[in-house]
Amino acid sequence: MVEFWGMDMIETWETNTIKNWVWLAAECGQPVPGCISVEALRMELCRRGEEPKGYHNM
């Protein structure tokens, strides 16, 4: 389940930043700042019309 406070927090993040955190969390096991879940990141990407997948683009 996604916490709504987390969705509010990532609303201002850039799309590339969200995708990078999805990649870092899923592939490298890195925690997302603010204890945001990968599920919340993917929901935000879907809301923006993006594929809910991450990639490394730092």
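## Two helices that cross

Helix axes here are lines fitted to C-alpha atoms over the stretch in contact, and the angles between N-to-C directions run from 0 to 180 degrees. Helices themselves are DSSP runs (H or I, at least four residues), numbered from the N terminus. This is a predicted model, so keep its cut-offs in mind: local features need pLDDT of at least 70, side-chain atom pairs count only at pLDDT 80 or more, and totals for chains, interfaces and linings use all residues. Residues are numbered from 1 along each chain as its sequence is written, and side-chain values use heavy atoms, leaving out hydrogens and water.

With that settled, look at α2 and α3: they pack at an angle of about 145 degrees, and their axes are 10 Å apart. On the α2 side, the contact (heavy atoms within 4.5 Å) is made by T15, I18, K19, W21, V22, A25 and A26. On the α3 side, V38, L41, R42, E44 and L45 take part. Sorted by class, that gives 8 nonpolar, 1 polar and 3 charged residues. Nonpolar covers Ala, Val, Leu, Ile, Met, Phe, Trp, Tyr, Cys and Pro; charged covers Asp, Glu, Lys and Arg; the others, Gly among them, are polar.

## A closer look at α2

How far apart should the ends of α2 be? At 1.5 Å a residue, the 14 residues (15–28) should span 20 Å, and the end C-alpha atoms are 19 Å apart, which agrees. The expected span is 1.5 Å times one less than the number of residues.

The buried residues of α2 are I18, K19, N20, V22, L24 and A25. Buried means under 20% relative accessible area, exposed means over 50%, and partly exposed is in between (1.4 Å probe, protein chains only). These buried residues pack against α1 (4–10) and α3 (38–47).

## One face of α3

In α3, the buried residues are A40, L41, E44 and L45. Seen down the helix axis, they fall within an arc of 140 degrees, so they line one face of α3. That arc is taken from the directions from the helix axis to the C-beta atoms. The buried residues of α3 pack against α1 and α2.

## Two residues outside the helices

C35 sits in the loop between α2 and α3. Its phi is positive, near 55 degrees, though C35 isn't a glycine. C35 is exposed, at 71% relative accessible area.

R48 belongs to the segment after α3 and is partly exposed, at 25% relative accessibility. R48 and E11 are 37 residues apart in sequence, with their C-alpha atoms 9.8 Å apart in space.
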